[in-house]
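Opening the notebook on a new model today. I want to go through helices, strands, rings and cores, and jot down what turns up.

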Amino acid sequence: MMRLCRGCQSKMDESIKGLCPACKAERGTERGTERGTPVDTIRAHTLSDREKYAFLYVGERWKRQVQPKAVKKYPMCARCDVAVTELIDHIVPAGEAIRQAQASGRYPLSPYAGFYFMSNLQGLCRSCHFTKTNEDKAHVGPWPDVVAKEQAQPKKVWSF
């Protein structure tokens with residue numbers, strides 16, 4: 001019986017689980033400590049960001065201010081423009097946005113300011129969110145500058 005590689009979908013021996021040797025070498029996987037399974041360091045990085053900042057997703061500021069405002073601003077999926085927004089997604093992953101905001105030094109009072117940048121949010125349907133998440137996991141190279149994008153946004157003008 002043959003198995004398919006999870007990466008390139010090529011046929012391989014049934015004794016090999018997960019990725020074929022070529023995909024392992026290409027992706028730089030290494031043996032994990034959990035149950036002896038291969039760990040893809042790119043995928044592990046993205047998942048750990050979600051887990052690391054999970055407390056921000058359940059926080060009051062996200063639930064009561066940012067998320068409802070983003071859903072109102074982006075009612076349709078930003079990718080397919082057919083489905084209704086089901087999830088609010090960070091264009092640049094949350095961990096990277098937070099790191100960039102901290103490195104800029106512009107937000108000394110809020111260590112997680114990058115997480116809440118409205119210019120870094122978009123509405124997505126579930127299927128588009130799944131696709132975008134996989135693209136983020138495979139991303140190579142520098143991320144766009146979220147701080148510059150946030151600073152370029154027009155500021156609210158108060159009139160009394």
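This is a predicted model: local features need pLDDT of at least 70, side-chain atom pairs count only at pLDDT 80 or more; totals for chains, interfaces and linings use all residues.

Terms first: I call a residue buried under 20% relative accessible area, exposed over 50% and partly exposed in between, with a 1.4 Å probe and protein chains only. Helices (H or I, at least four residues) and strands (E, at least two) are DSSP runs, numbered from the N terminus.

Residues are numbered from 1 along each chain as its sequence is written, and side-chain values use heavy atoms, with hydrogens and water left out.

**Entry 1: overview.** I find seven helices and six strands in the protein. Read from the N terminus on, the order is β-β-α-β-β-α-α-α-β-α-β-α-α. Of its 160 residues, 32% count as buried. I took contact to mean heavy atoms within 4.5 Å. Of the contacts between residues at least 6 apart in sequence, 59% join residues at least 24 apart. The accessible surface comes to about 10900 Å², with 56% of that belonging to carbon and sulfur atoms; the areas come from the Shrake-Rupley method with a 1.4 Å probe, and for residues only the protein chains shown count as cover.

**Entry 2: helix H5.** Which residues of H5 are buried? In this helix, residues 94–104, I get Ala94, Gly95, Glu96, Ala97, Ile98, Gln100 and Ala101. Just after H5, Gly105 takes a positive phi of about 75°.

**Entry 3: rings.** I let rings of Phe, Tyr and Trp (its six-membered ring) pair if their centres lie within 6.5 Å; planes under 30 degrees apart are stacked, over 60 edge-to-face, and the rest tilted. On that basis the structure holds seven aromatic pairs. One of them is Phe55 with Tyr112, edge-to-face at 5.4 Å centre to centre and 80° between the planes. This pair links distant parts of the chain, 57 residues apart: Phe55 is in helix H3 (residues 54–57) and Tyr112 in the loop between H5 and strand E6 (121–124). Phe55 is partly exposed at 43% relative accessible area, and Tyr112 is partly exposed at 30%.

Phe115 and Tyr116 also pair edge-to-face, with 5.1 Å between centres and 85° between planes. Both Phe115 and Tyr116 are buried. Arg61 lies over the face of Tyr116, 4.0 Å from the ring centre.

**Entry 4: cores.** My nonpolar core is a set of buried Ala, Val, Leu, Ile, Met, Phe, Trp, Tyr and Cys residues joined through side-chain atoms within 4.5 Å. The largest one has 13 residues, and those with the most contacts inside it are Leu56, Trp62, Val66, Phe115, Tyr116 and Leu121. H3, helix H4 (60–73) and H5 are the elements that give two or more residues to this core. H4 supplies the largest share, three residues. A second, separate core of seven residues includes Val92, Ala113, Phe117 and Val146.

**Entry 5: strand E6.** Are the faces of E6 covered or open? Both are covered: Leu121 and Gly123 on one side, Gln122 and Leu124 on the other, all buried. Strands pair here if DSSP finds at least two bridges between them. E5 (residues 87–90) and E6 pair in the antiparallel sense over four bridges, and Ile88 stands opposite Gly123 in E6.

I listed the neighbours of Leu121, skipping residues up to four places away in sequence: among them are Trp62, Val66, Ala70 and Ile88. Leu124 has a relative accessible area of 0%.

**Entry 6: two exposed residues.** Lys72 is found in helix H4 and counts as exposed at 73% relative accessibility. Asp81 sits in the loop between H4 and E5, exposed at 56%. Most residues other than glycine have a negative phi. I noted Asp81 for its positive phi, near 55°.

Terms used
A charge sits over a ring if NZ of Lys or CZ of Arg is within 6 Å of the ring centre and within 35 degrees of the ring normal.
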